[in-house]
Protein chains: 2
Amino acid sequence: MGAVEIKVLKNILKANEDLAEGIRGALREKGIVSFNLVSSPGSGKTSLLEATIPRLLPSVKVAVVEGDVATARDAERINSLGVPVVQIETGGACHLDANMVRKALGELPLGEIALLFIENVGNLVCPANYDLGERHRVVVMSVAEGEDKPLKYPGIFHEVSAVVLNKTDLLPLCDVEVEKVSSAVSRLSPDARFFPLSCKTGEGLDVWLDWLRGELEGGSRP
Amino acid sequence: MGAVEIKVLKNILKANEDLAEGIRGALREKGIVSFNLVSSPGSGKTSLLEATIPRLLPSVKVAVVEGDVATARDAERINSLGVPVVQIETGGACHLDANMVRKALGELPLGEIALLFIENVGNLVCPANYDLGERHRVVVMSVAEGEDKPLKYPGIFHEVSAVVLNKTDLLPLCDVEVEKVSSAVSRLSPDARFFPLSCKTGEGLDVWLDWLRGELEGGSRP
C-alpha cells in the first residue's frame, strides 16, 4: 500500500472514530446499552437474536440495526419478533461504519428502548477496525468453524466483551474442544466472558441472558 | 465514500487487474491450472486441500499458496502433505491481492507443477474484488452456514467455476436443503459446478476430483 492509500485509510478511520464517539455519548445519555455482534457468515448472529429477544421481552425494550451486504432477510426475521428494526444494506461494503449506524439510529425510537443490538456484516476481518459507538463488542462463532479462529483472526477477538460459541448441538460431530476455544479467547481478551450455547436447543442461553440483564442494570445507573 | 477515496480504490483495483493478467499469462505459458479457493472462516478450505492433494499425488504435481491474516498454521498442515507451499500472512489485510500472489509464486518451483491452489483469507466479501490471476475461482461453504449465503453474499458467488458445499456429514443436524443451496448458486453462476461433499467422511470427493482432473487435461492442451 502506497503513502496516499495509507493516508486516505487513516482519514477514513479517524472520521469513523469521531462519529463513533458521538454515537456512544448519545446512547449513554439515553441510558441505552448497545452490543455490536460480529461473526463469520453463518455463525448464527440472527439466530442468536431470535433466541434472545423473545426471552427479554416485554420487560426489556429492544431495537435492532441489521447490517448485510445484500437482502433484507435478517431484518424480516427480526421484524417478526415485534421489535423495531432498521436494515442497512451496504451494497457490497464489507463492514458497517459509524456513519451508517448514525443514520439508522435516526429511524429508531431511541427514547423508548433500553437495549440496542447492532448485527454487523458477516466478516471476521474488516469490522474489527470500525468502532460503531457500541458499549460492547461480542464475537459470535460456531462450533463448526473449528478451534483456531481466534488465533487466525486475532484482530476481531481483541478487547471484546464476550464471545458466544454457538451451535454446541453440533459438538458430537465436530472435532472441537470448547476448552481450547475458551483459552484462545482468553489470551486475546483476558476479561471477555465466554458463552458456549445452542440457539437451537436453548442449552446455555440462560447464562448469556443473565449477562445481558446484568449489563443493562449497570447501564441504567446514573 | 468521498471522491478521493473512490479514486484511490479504483487505482488499487486497476493495478491489481494488471498484475493479475500478468500472472494468468505466466501460468498459462507453463501449463499450470490454478484455483483460487474463497470461503468464510472455518468452511474447510484447508481440510479440502488435505483431502484432495493426497488423492492427486503423485501423478499430478501440486503447489499451494496459503493466505491468512495471522499464523502459518495452514501452511504447516499443507507442508506435511509433502508439496511445496508458501504462506502469505497478510498482517491484518482482509484478502489476498495479485501482488502478494506474484511474490509468493517466485518462491515456488513453477517449472515442476501442473496444479496450483491459492487458499484465500477466510472472508466472503473482500476477496470478490481481487482477481489473483487464477483460472478458476471456487467458493467453499459449509452446511453449517445455512442456505442463504449465496443470496446474502452475492458478489463472491458471481461467475465462479465451482461451489463446494462441505461438511455434508452435518446435514442430519442442520436445517439445510442441498437443493436450495444449489439453486441459489445457479442463479448467480449458471455455469458453476456444484459439489456437495464431506472432507471428513470422503462422501462426494470423487466427483470433485474428477472435475479437477478434467480441468487439468484441458489446461495442458497447447
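The largest cavity in this predicted model has a volume of about 50 Å³. How do you find a space like that? Rolling a probe the size of a water molecule over the atoms shows where empty space is left. Counting cavities of 30 Å³ or more gives one.

So what surrounds the largest cavity? Its lining has 13 residues, and those nearest the centre come from chains A and B: A:Gly42, A:Ser142, A:Glu145, B:Ser142 and B:Glu145.

Next, take a look at two helices in chain A. Helix 1 of chain A (residues 3–29) and helix 4 of chain A (residues 98–105) have axes that come within 8 Å and cross at roughly 35 degrees. The crossing of these two helices is left-handed. Here's who does the touching:

| Helix of chain A | Residues in the contact |
|---|---|
| Helix 1 | A:Asn16, A:Leu19, A:Ala20, A:Ile23, A:Leu27 |
| Helix 4 | A:Ala98, A:Asn99, A:Val101, A:Arg102, A:Leu105 |

Of the residues in this contact between helix 1 and helix 4 of chain A, seven are nonpolar, two polar and one charged.

Finally, the aromatic rings. How many aromatic pairs does a search of the whole structure find? Over all chains, there are 10. One of them is formed by A:Phe195 and A:Trp208, an edge-to-face pair with 5.7 Å centre to centre and 70 degrees between the planes. A:Phe195 sits in strand 7 of chain A (residues 193–196) and A:Trp208 in helix 8 of chain A (residues 205–219), 13 residues apart, and the pair links these distant parts of the chain.

Terms used: Residues numbered from 1 in each chain as written. Chains lettered and ligands numbered in written order. Predicted model: local features only at pLDDT ≥ 70, side-chain atom pairs only at ≥ 80, totals over all residues. Heavy atoms only, no water. 1 Å grid on protein atoms, 1.4 Å probe; cavity = no way out; pocket = protein on both sides within 12 Å on 5 of 7 lines; lining within 4 Å. Points joined across faces, edges and corners; volume = space filled by probe spheres on them. Axes fitted to C-alpha atoms, helices over the stretch in contact; angles between N-to-C directions. Helix = DSSP H or I, 4+ residues; strand = E, 2+ residues; numbered from the N terminus. Left-handed = near helix turned anticlockwise from the far one by under 90°. Contact = heavy atoms within 4.5 Å. Nonpolar A, V, L, I, M, F, W, Y, C, P; charged D, E, K, R; others polar. Phe/Tyr/Trp six-rings, centres within 6.5 Å; stacked < 30°, edge-to-face > 60°.
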